[in-house]
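Hi everyone, thanks for making time this morning. I'd like to walk you through one structure, starting at the ligand and then moving on to a pair of helices. Here it is on the screen.

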Amino acid sequence: MLQKISKDQDNFLSVWKTLASKVDTHLSNCLQQQEGMPVRLLEAMRYSVLAPGKRLRPVLVLLASNAFGFENTNPWPAACAVEFIHAYSLIHDDLPAMDDDDLRRGRPTCHKVYGEALAILAGDALLTKAFEVLAKSYPPLAGAECCLELAKGAGASGMVGGQVEDLAWEGKPGVRGEDHPKEATIQHLKNLHDRKTGALIRTSLKLGAIVSFASQNRTPPEDLLQILDNYGQNIGLAFQVTDDLLDVLGKCESAGKRVGKDAQKGKLTYPGLLGIEQSKLLAVDLCKNAQNLASQLGPNAAPLIDLAEYLVSRDH
Ligand code: GRG
């Protein structure tokens, strides 16, 4: 653990757990047999999605949609969509061709259980499922806005782009292009994570705002979207700095995955570039920035303030 969890965070943790368990029910309901769907494919999709994750991105959808206080908002399909994208990214990231991991969320990785071919296809099916759920659950304009945001956040300029750059820094054969910088700076690292983990986090917040205003037949005002985006950028980086610190300081049992592997693989990390103490200070700074931004959204956004604090004090 990087910092002690305060009394308030204890309360927030129980809010988070309640929301996460509701998310699990919706995820399971979304992932049912459909005509033409092979049973083993559905099994692999459910195995990965329903494994015990924190549900950070769906919780961000829920908290952002709640921040505006509109009744009759239905954030659940958007919450499921971002988790489907996240689960697909984890399945693919764990493959031998990428990070080559055997353990995820405390269980054998998808390809260890179902084989590489089915794991790739389960990831593909979850990626497309996300857009199906958005398109069929919201009115056409809101559905299209959500799909566009999700495509931007998850795609080549967002999460996938960040993943490519991460692999390039690691020296994965064939990945480095002519745009690859010669020397790693903290700015490169921020930019990489802004896309690899930050983009989907920011998208989750935006989706929350879109579905919330859609309940009023409106689109969210630009200034609110900007505050949410800046908040997401700060918690996204804080989350990543903490993740890097946990890889150095954490324990395998609480992380539910192998730790210490970043250094082993020569990965570009915050503790690697800044050292452990500076990285901890950076995480706290980012958390404070995020909290200031969330406080501009009014009293209904208070859980977003607690969440920022929790993200830098988590142990998994
Ligand atoms: C393969 C296209 C593609 C993208 C992969 C997000 C990602 C991009 C890879 C995950 C690798 C990784 C360990 C990144 C560090 C931060 C991170 C996203 C951790 C996993 O997310 P959590 O902590 O996981 O929210 P849970 O299991 O709680 O959902």
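Before we look around, please keep in mind that this is a predicted model.

Let's begin at the ligand. There are 19 residues around it, and the ones that come nearest are K54, R57, H86, D93 and R105. The side chain of R57 places an N or O atom 2.8 Å from an oxygen atom of the ligand. For H86, a side-chain N or O atom is likewise 2.8 Å from a ligand oxygen. And R105 has a polar side-chain atom 2.8 Å from an oxygen atom of the ligand. As for cover, the ligand taken alone exposes 690 Å², and the protein buries 93% of that.

So which helices supply at least two residues each to the shell around the ligand? They are α4, residues 76-94, α8, residues 159-170, and α11, residues 222-249. Of these, α4 gives the most, with six residues. By class, the shell has seven charged, seven polar and five nonpolar residues.

Now to the helix pair. Helix α15, residues 276-295, packs with helix α16, residues 302-313, at an angle of about 170°, and their axes are 8 Å apart. Angles over 145 degrees count as roughly antiparallel, and α15 and α16 are therefore roughly antiparallel to each other. On the α15 side, the contact is made by A283, C287, A290, Q291, A294 and S295. From α16 come L304, I305, A308, E309 and V312. Sorted by class, this contact has eight nonpolar residues, two polar and one charged.

Thanks, everyone, and I'm happy to take questions.

Methods
Residues numbered from 1 in each chain as written. Predicted model: local features only at pLDDT ≥ 70, side-chain atom pairs only at ≥ 80, totals over all residues. Heavy atoms only, no water. Near = heavy atom within 4 Å. Polar contact = N/O pair within 3.5 Å; in protein donor to acceptor, adjacent residues only side chain to side chain. Areas by Shrake-Rupley, 256 points an atom, 1.4 Å probe, with all protein chains shown as cover. Helix = DSSP H or I, 4+ residues; strand = E, 2+ residues; numbered from the N terminus. Nonpolar A, V, L, I, M, F, W, Y, C, P; charged D, E, K, R; others polar. Axes fitted to C-alpha atoms, helices over the stretch in contact; angles between N-to-C directions. Parallel < 35°, antiparallel > 145°, perpendicular 65-115°, else oblique. Contact = heavy atoms within 4.5 Å.
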